[in-house]
Amino acid sequence: MTDLFAKKPLDLLLEEARETGSHSLKRTLGVFQLTALGVGAVIGAGIFVLSGLGAHYAGPGLMLSFVLSGLGCTFAALCYAEFAAMIPLAGSAYTYAYATLGEIIAWIIGWDLTLEYAMGASTVSSGWSNHFIELLNIFHIKMPLWLAYDHWTGLSQAQKIVARQMAQASDPTLVPGTQAFLNKVTAIMGAQSPELLQKAHDLLNAPHLFGYEIGVNVPAFVIALVITAILVIGIKESARFNATIVTIKVGVVFFVIGLGIRYVSAVNWGSDWASFAPFGFSGIGAGAAYIFFAYIGFDAVSTTAQEAKNPQRDLPIGIIPSLLVCTVLYIAVAAVLTGMVPWREVNIEAPIARAFLDRGLTGASNIITLGALAGLTSVMLVMLLGQTRVLYSMANDGLLPKKFFAEIHPRFRTPWKNTMLVGLLAAIVGSLTPIDDIGKMVNIGTLLAFVIVCIAILALRHTNPGQPRPFRTPWVPFVPVMGIIFNGYMMYKLGWINWARLIIWLIIGMVVYFTYSRKHSRVQAALSARKTP
């Protein structure tokens with residue numbers, strides 16, 4: 001059993017970090033590009049997609065949900081910053097766990113990070129598609145529902161359209177967008193009458209395959225492949241593209257806050273705790289767990305450690321300020337959204353754009369839709385980038401096939417084969433599965449990574465206190481212990497179904513580890529060689 005917890009020596013890790021040449025990643029990123037990658041990964045899904053879902057759990061207390069999530073992330077970020085500066089390699093939490101907790105824990109976290117990055121990119125591609133469809137609507141271009149959504153989401157959209165038509169037909173005095181109208185639509189949807197279902201299927205008009213209706217989110221599939229192509233071409237080009245996109249979307253966020261504040265009604269925030277947090281602190285906790293996806297990204301900066309010019313100095317700067325800036329912006333946008341729209345009426349698919357559209361601010365809504373598209377594009381880029389770098393590190397350690405996952409393109413100096421595979425898988429999942437289910441899986445996988453990194457800081461301070469640390473996590477053990485408590489609480493709030501999905505995913509990972517990875521591990525091979533007389 002001791003071999004399962006074999007640690008990768010810090011000396012070996014630091015030696016790998018100093019490697020250069022055509023078979024290693026290219027160090028081209030400075031502090032601005034790293035911070036832009038952090039902001040690029042964080043701002044996007046949370047503000048433009050999941051704030052709608054979070055509002056339905058937390059009500060106006062969504063602002064506190066962002067504070068709660070932000071605190072959990074800040075504690076974890078301080079732990080990430082110490083590791084990223086000390087071990088500037090591409091593997092992020094996987095590499096940190098290998099150095100401190102042993103191979104089996106490193107494998108679990110590496111396998112788990114696939115839930116964060118690859119599935120995260122799928123979630124974002126699906127959200128990107130929602131905003132792309134909004135953009136097409138601006139120009140009065142309609143896509144068939146079965147080509148714009150996965151089957152389940154497409155059918156749900158068809159039911160909503162039919163339910164709205166039935167509500168207006170039953171009572172012409174109802175005004176679309178009012179609470180009374182929405183209550184009527186909800187009642188019709190809840191009844192699931194044969195008429196509703198039949199009309200929804202007729203509207204969906206999906207082709208059949210083996211007797212079943214099919215639906216493919218084509219925009220989600222295409223954007224994932226476009227981003228993959230950019231990542232294959234090179235890290236410098238990817239970072240330049242990301243910085244441009246980040247500038248656009250931060251400008252749009254300030255526009256949302258500046259314009260939206262004029263339309264805020266304090267009544268929508270409630271007059272007491274019960275109306276501010278309709279489901280109590282439990283609802284705020286659940287909202288935090290679901291909108292937690294908004295913060296995923298700052299940790300992805302650490303996966304680019306092997307491509308940073310001066311990782312010891314620049315990585316902590318790239319991780320911590322980007323998180324703090326995004327937290328402040330998130331709270332401001334949550335306040336504007338729940339102040340503009342009563343929380344029960346917040347749109348889930350495109351909450352911000354719809355809030356402005358319902359105020360008749362069509363031009364503003366169009367700008368927000370474009371900003372959301374830009375925002376989600378950069379999030380997807382950083383997610384896919386993070387995933388490919390973790391797989392590259394795992395393959396270099398022998399835990400995955402090196403010839404495929406760690407092969408560097410001679411011209412572009414990127415792990416091109418694994419980038420193409422990850423991009424294709426993200427495109428397929430994003431185009432065929434509902435956004436809500438993927439988002440929850442991503443959250444629980446990331447929270448587990450954060451908890452393990454916080455534990456790893458405590459372990460390293462105990463086992464290797466004298467190791468030089470360019471950046472030190474402050475107030476140890478308080479900060480890592482609080483990181484474990486906050487992130488563990490949010491894991492708990494995601495419910496047993498997501499725990500079951502995580503456990504099943506990790507069981508599959510264990511099968512891969514014991515059938516392939518353990519037998520090809522470089523660390524295990526070195527241990528065996530040492531034992532052999």
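Modeller: Phenylalanine 298, in what is a predicted model, touches Val42, Cys73, Ala76, Ala77, Tyr80, Ile319, Leu323 and Phe450, when residues up to four places away in sequence are not counted. Phe298 also belongs to the largest nonpolar core, which has 155 residues, and it is one of the six that touch the most other members, the others being Tyr80, Phe83, Ile87, Tyr94 and Phe356. The helix that gives the most to this core is α17, spanning residues 362–396, with 16 residues. Another core lies apart from it and has 10 residues, including Val162, Ala163, Leu174 and Val185.

One of the residues touched by Phe298 is Val42, and Val42 takes part in the contact between helices α2 and α15 as well. The axes of α2 (residues 31–42) and α15 (residues 311–340) come within 8 Å of each other and cross at roughly 35 degrees, and this crossing is right-handed. On the α2 side the contact is made by Val31, Leu34, Thr35, Gly38, Val39 and Val42, while α15 contributes Asp314, Leu315, Ile317, Gly318, Ser322, Cys326 and Tyr330.

A search of the whole structure finds 0 disulfides. Cysteine 326 is in none, and the nearest cysteine sulfur, that of cysteine 73, is 11 Å away; cysteine 326 counts as buried because its relative accessibility is 0%. For cysteine 79 the closest cysteine sulfur is that of cysteine 454, at 3.9 Å, which is too far for a bond, since a disulfide requires the two sulfur atoms to be within 2.5 Å. Cysteine 79 is likewise buried, with a relative accessible area of 0%.

Phenylalanine 405 is placed in helix α18, residues 402–405, and is buried, with a relative accessible area of 14%. Leaving aside neighbours within four places in sequence, phenylalanine 405 is in contact with Leu391, Tyr392, Ala395, Leu400, Pro415, Asn418 and Leu421. Of these, tyrosine 392 lies 13 residues away along the chain, yet the C-alpha atoms of tyrosine 392 and phenylalanine 405 are separated by 5.5 Å.

Methods:
Residues are numbered from 1 along each chain as its sequence is written. This is a predicted model: local features need pLDDT of at least 70, side-chain atom pairs count only at pLDDT 80 or more; totals for chains, interfaces and linings use all residues. Side-chain values use heavy atoms; hydrogens and water are left out. Buried means under 20% relative accessible area, exposed over 50%, partly exposed in between (1.4 Å probe, protein chains only). A nonpolar core is a set of buried Ala, Val, Leu, Ile, Met, Phe, Trp, Tyr and Cys residues joined through side-chain atoms within 4.5 Å. Helices (H or I, at least four residues) and strands (E, at least two) are DSSP runs, numbered from the N terminus. Contact means heavy atoms within 4.5 Å. Axes are lines fitted to C-alpha atoms, for helices over the stretch in contact, and angles run from 0 to 180 degrees between N-to-C directions. A crossing is left-handed if the near helix is turned anticlockwise from the far one by less than a right angle, and right-handed if clockwise.
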